[in-house]
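Open your viewer and keep the selection tool at hand. The stops below go one by one.

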Amino acid sequence: MWRRRRIMDEIEALEREIDRMFEEVLYGKPMWDPTMGCFEPLTYLDELEDKIIVTVDLPYVRKEDITLDVTPDSLRIEAKMDRPVRYDRWGTVQRRCEFRGFKKEVKLPGEVVPEASKARFKDGYLIIELPKKATRHKIEVE
């Protein structure tokens, strides 16, 4: 009995891998990861002269469940949903799937100052302002 269960687990793992490979080949990198139970949120990046603004769509998320990690050249966003989203039929091989959060890493187009970054969350939208690292600095002559 135990051996039969293990074989079925291996077959299911193989089905998931085949699903992932088909989705990557047909559609590019998928915006979801059913093994981790997370979506990749829709994101819009706007580069201004002095800052980079990243807008992220995070439905079913509370402010206190958002985690941001900023480095000079990247931004990692993780958020837990207040209720999971379930699909009874998912992927090429139909199976049940549940998503519990969002995860995304954004490569920034220029260096920023992580310590001076600000974020606000309202109506399911997260707006992150990342001031660019100054490449020029004026010096006053004494």
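Start by selecting S74 and T71: their side chains make a polar contact at 2.7 Å. A polar contact here is a pair of N or O atoms within 3.5 Å; within protein, one must be able to donate a hydrogen and the other to accept it, and residues adjacent in sequence count only if both atoms are side-chain atoms.

Before moving on, note that this is a predicted model: local features need pLDDT of at least 70, side-chain atom pairs count only at pLDDT 80 or more, and totals for chains, interfaces and linings use all residues. Residues are numbered from 1 along each chain as its sequence is written, and side-chain values use heavy atoms, with hydrogens and water left out.

**Stay on S74**

S74 sits in strand β6, residues 74-90. Strands (E, at least two residues) and helices (H or I, at least four) are DSSP runs, numbered from the N terminus. Is S74 buried or exposed? S74 is buried, with a relative accessible area of 13%. The cut-offs: buried is under 20% relative accessible area, exposed is over 50%, and partly exposed lies in between (1.4 Å probe, protein chains only).

Now show what surrounds S74. Setting aside neighbours within four places in sequence, S74 is in contact with D69, E105, V106 and L108. Contact means heavy atoms within 4.5 Å.

**Two loops**

Select Y60. This residue is in the loop between β4 (51-57) and β5 (61-71). Y60 is not a glycine, yet its phi is positive, about 60°. Its relative accessibility is 40%, so Y60 counts as partly exposed.

Jump to D123, in the loop between β8 (118-122) and β9 (125-131). Here too a residue other than glycine has a positive phi, near 55°. D123 is exposed, at 68% relative accessible area.

**The cysteines**

How many disulfides does a search of the whole structure find? The search finds zero. A disulfide is a covalent bond between the sulfur atoms of two cysteines; the test applied is a pair of cysteine sulfur atoms within 2.5 Å. Select C38: its nearest cysteine sulfur, that of C97, is 10 Å away. C38 is buried, with a relative accessible area of 11%. C97 is in no disulfide either. At 5% relative accessibility, C97 counts as buried.

**Last stop**

Select T135, in the segment after β9. T135 is exposed, at 80% relative accessibility.
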